[in-house]
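Please consult the sequence and the structure below while reading.

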Amino acid sequence: MTDGPRSGLLAVSSALLAMSRHLEVRDVLKTIVVSARELLDAEYAALGVPDDHGGFAQFVVDGVSEEQWKAIGPLPRQHGILASMLHGARTERLADVRKDPRFEGWPSAHPDMSDFLGLPIRDGDETLGALFLANKLRPPGGHPPGPLSPEPQGGCGFTEEDEALLGIFAQHAALALTNARLYERSRELTIAEERSRLAHELHDAVSQKLFSLRLTAQAAATLVDRDPGRAKGELQQVAALAAEAADELRAAVVELRPAALDEDGLVATLRTQIQVLDRAHSAQVTFDCTGVRALPAAQEEAMLRVAQEALHNALRHSGATRVCVALQKRGQGAELSITDDGSGFDTRAVRRAGRHLGLVSMRHRAGGVGGRLTVESAPGEGTTITMEVPGG
């Protein structure tokens, strides 16, 4: 076997590994584009995801600077040869895309492109996207690389070998995209379930507080004239119950409010939520972070959700007076720990405790992003929940 095929297979392997590291659709799309461009040594690469109207819902590019992309402007609804590939299953390999009858021109800021290789990414009969490469980068001497004989002068820089390689890559890209879509749908269902649980808890907790508040206020009203001293005591109880109801509402708002991970990142989001919880509860809640920067989006979301579940358990069920949250760098990844001084539980009763405390869900979240969750607890000795993730 020559060096060409070996290096090609190694490049395919590296590209497939890169795709498998991501669970978010947006991350998978970008990885496909970057990997395809590097794999086939092209100057430009793009990936369009179809909408329901014959155009593109998303369009991801590589090789074009952010300034260029802004100058190019919005993508046309129907984009010539690019859009036509969303409706067919054929690979297109062209010596000069500008001479194709479907070519409709470019905006003035668009980079100049000639040789072209594109194919649809399909899952059965469904087109998940269309992948495009342009301007094969030729080595010194002007001939395309690879073991096949070069095309005649003026022919397409992309070879038959490139086309076959991209076809293999596209099959795996379809799997990666399908898995990412399934993951996001599963996550949406999980979020809906969490919101339903929180709404139920909010209804129960606040309804109980408001019911007690109403009865106490009625008792105070009947005592105002005949026993002002007792009435004063009842009114003090009204104030205490109102404060507790407000605490319940604040805590619920923190959990129901969408986390600002995209804008603020894990560290800032955790710090903000823990500050609010510290004000809303009688227990002291602290946060310490050492050396952690950005992590892959899926890992950051999983860590945030595990932290929220563990904090919920500690503040609502354990009777803790102190809860410590720590986030620190571990190799390329990070370690999150939530420690409380509450009542604890018998970790041997895994099935019963796991259902009650959401440990099954937390382990699922950790495992879903390649991480690991451990639980240390004993009756009367508090609880520590630790989650590790590998990073990017």
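## Basis of the description

Helices (H or I, at least four residues) and strands (E, at least two) are DSSP runs, numbered from the N terminus. Contact means heavy atoms within 4.5 Å. Axes are lines fitted to C-alpha atoms, for helices over the stretch in contact, and angles run from 0 to 180 degrees between N-to-C directions.

The model is predicted, and local features need pLDDT of at least 70, side-chain atom pairs count only at pLDDT 80 or more, and totals for chains, interfaces and linings use all residues. Residues are numbered from 1 along each chain as its sequence is written, and side-chain values use heavy atoms, with hydrogens and water left out.

## The open sheet

Strands of a sheet pair through backbone hydrogen bonds, either parallel or antiparallel. Here two strands are taken to pair if DSSP finds at least two bridges between them. An open sheet is formed by five strands in the order S6-S7-S8-S10-S9, with mixed pairing. The edges are held by strand S6 (284–290) and strand S9 (372–377); each has a single partner strand, so one side of each is left without a neighbour in the sheet. On average, neighbouring strands of this sheet are turned by 10° against each other, direction ignored.

Strands S7 (residues 322–330) and S8 (residues 333–340) run antiparallel and are joined by eight bridges. Leu-327 stands opposite Leu-336 in S8.

## Helices on the sheet

Helix H8 (residues 297–316) lies across S6, S7, S8, S9 and strand S10 (383–389), and runs at about 5° to S8. Helix H10 (residues 359–368) also packs on the sheet, where it touches S9 and S10, and its direction makes about 145° with that of S9.

The expected span of a helix is 1.5 Å times one less than its number of residues. H8, with 20 residues, reaches 28 Å from its first C-alpha to its last, close to the 28 Å expected. A residue is called buried under 20% relative accessible area, exposed over 50%, and partly exposed in between (1.4 Å probe, protein chains only). In H8, 18 of the 20 residues are buried, so this helix is largely enclosed by the rest of the structure.

## Aromatic pairs

Rings of Phe, Tyr and Trp (its six-membered ring) pair if their centres lie within 6.5 Å; planes under 30 degrees apart count as stacked, over 60 as edge-to-face and the rest as tilted. By this rule there are three aromatic pairs. One of them is the stacked pair of Phe-59 and Trp-69, with 6.1 Å centre to centre and 5° between the planes. Phe-59 lies in strand S2 (residues 56–62) and Trp-69 in helix H3 (residues 66–72), so the pair ties together parts that are ten residues apart in sequence. Phe-59 is buried at 18% relative accessible area, whereas Trp-69 is partly exposed at 31%.

The rings of Phe-59 and Phe-132 are also stacked, because their centres are 6.3 Å apart and their planes stand at 25°. Phe-132 lies in strand S5, so its pair with Phe-59 in strand S2 ties together parts that are 73 residues apart in sequence. Phe-132 is buried, with a relative accessible area of 4%. Ring pairs link Phe-59, Trp-69, Phe-116 and Phe-132 into a cluster.
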